[in-house]
Amino acid sequence: MNDPDDLHELTGLYALGALRGEEHARFEAHLEVCERCRAEVRSFSPVVESLSRAGAVVEPPLALRARVVPGGGNRAVVRDLRPSPTLAWLAAAASVVLTIGVGWYAAQLHARIDDLEARLAAANFRAGAAERQTADARQAADRAQDMLGVLSAPDMARVDLKGQGAAAAAAGRAFWSRSRGLVFTATNLPALPAGKVYQLWVVTPTAPVSAGLLHPDDQGRVTTVAQTDPAISPVAMAVTLEPEGGVPSPTGDKYLIGMVAP
Amino acid sequence: MRTEDRDADARAIHKVAAGDQAAMAELYDRHGRLVYSLALRILDDQADAEDIVQEVFSQAWSQAGRHDVARGSVGAWLLMMTRSRAIDRLRSRRGQVDPVPFAEGAALQLADLSPSQEAMASTAEQVARVRDALSRLPLLQRLSVELAFYEGLSHSEIAERLEQPLGTVKTRIRLALMKLREALGEGKMA
Ligand SMILES: [Zn+2]
């Protein structure tokens, strides 16, 4: 870490506030003497600022204004109430659609979007194609958000899955959080025979519970996000080969298995 | 953000420093939505996000006189305070107590580290470009940036979470910011 070339590379972490302690102090000392890094950190500031503005825009509750503005109700409060609720909703809807590709949603936003979509549908604002696009985008956004949620969960546990039999070269990894669900990734899964699908199982002390179907890409890779019942305590995770459409409890060969550390 | 808004912000922050409540209301109406949205994005809790908005504007109210508009826009200043406070709350919720040292704060002590106001003002189009560029980053780069920015994780915490060597995280984050910077630059030329 004393190599100055290493220090020059810390600009991004520094700009995002991700350096701590000694590493942070060492880099700040380096900044004092390195014009190149100062320029780079400076050039990242607008990016960091844009990230602050890049999320979905959510309208704060009206009551918040009175808490924030000293004196609460003054003339400006009256002046700035949104004139037409319908128009304000549509404007908010437009901003939601614009930001939908970003990939994150607060729980509050889900309810808000459902509400907005009902309103928009009623207003005949959507054509068929646009609707599908929005649904796809939202699904992708939700998935990314769920994935990030699991990966950053304080109670996250990792489970490594080993390839079995015909899939000896395959490997899988599950990230499980009791509170936030499951992210599962696998590599080198054999190509699916016709009429078959891989199924992921969370094995509890009483029975395996399905965590969804897996369709690997042509290189045998797959990543999925699944909600799991917070009440269950997995002892293992497994992937089996099952008839297309999946089954309520496993019947086929096991392709991947991993034990959950107690 | 439009130039008129920035000029209006500069005037408003001076009035706020003199105790003008209507100017405070004006700032809230212009920036409250973004401040709330960022706090909600980080904390994923409406009540916590509302608390943060209140804290940020209360801090703006008491420190308006110290804000140097030549150093950066009022909006950027409010958002920087928002992120800092929201992440501190998130980390204390998780039992991580070390405060996050923000480069933006440190920038004030290092003579020429903070960009000019011109450079800081991102337009809606530039923000859209950055958002789009973020969504097109390789997953590892994107997760690294998001874990640092929205979850307040440190270099070593990100490396541990993504099971990557420290050096890889360092390089990926720098690469990601360079790509986002490039996207922002395209927006500036347009
Ligand atoms: Zn350097």
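**Confidence, a zinc site and a core**

Chain A averages a pLDDT of 73, and 66% of its residues score at least 70; pLDDT is the predictor's confidence in each residue, from 0 to 100. This is a predicted model: local features need pLDDT of at least 70, side-chain atom pairs count only at pLDDT 80 or more, and totals for chains, interfaces and linings use all residues. Residues are numbered from 1 along each chain as written, chains are lettered from A and ligands numbered from 1 in written order, and side-chain values use heavy atoms, without hydrogens and water.

Biologist: Where in chain A is confidence lowest?

Modeller: Helices here are DSSP runs (H or I, at least four residues), numbered from the N terminus. Confidence is highest in helix H2 (residues 11–15) of chain A, at 95. The lowest mean, 33, belongs to helix H6 (residues 75–80) of chain A.

Biologist: Which protein donors hold the zinc ion?

Modeller: Donors are N, O and S atoms within 2.8 Å of the metal (3.2 Å for Na, K and Ca); water is not among the atoms, so sites may look incomplete. Here the donors lie 1.9 to 2.3 Å from the zinc ion. Along the chain they follow the spacing H-x21-H-x3-C-x2-C. They are A:His8 (ND1), A:His30 (NE2), A:Cys34 (SG) and A:Cys37 (SG).

Biologist: What geometry does the site of the zinc ion have?

Modeller: Four donors count as tetrahedral if all angles lie between 85 and 135 degrees. The four donor atoms make angles of 107 to 115 degrees. The site is tetrahedral.

Biologist: Is A:Cys34 buried or exposed?

Modeller: Buried means under 20% relative accessible area, exposed over 50%, partly exposed in between (1.4 Å probe, protein chains only). A:Cys34 has 8% relative accessibility, so A:Cys34 counts as buried.

Biologist: Which residues does A:Leu10 touch, not counting residues up to four places away in sequence?

Modeller: A:Leu10 lies in the loop between helix H1 (4–8) and H2 of chain A. A:Leu10 is buried, with a relative accessible area of 0%. Contact means heavy atoms within 4.5 Å. The partners are A:Leu19, A:Glu23, A:Phe27, B:His155 and B:Lys170.

Biologist: Which residues touch the most other members of the largest nonpolar core?

Modeller: A nonpolar core is a set of buried Ala, Val, Leu, Ile, Met, Phe, Trp, Tyr and Cys residues joined through side-chain atoms within 4.5 Å. The largest one has 73 residues. Its largest share, twelve residues, comes from helix H2 (residues 21–43) of chain B. Those touching the most other members are A:Leu16, B:Leu78 and B:Leu180.

Terms used:
Helices (H or I, at least four residues) and strands (E, at least two) are DSSP runs, numbered from the N terminus. Four donors count as tetrahedral if all angles lie between 85 and 135 degrees; four count as square planar and six as octahedral if opposite donors are over 155 degrees apart and all others between 65 and 115; anything else is irregular.
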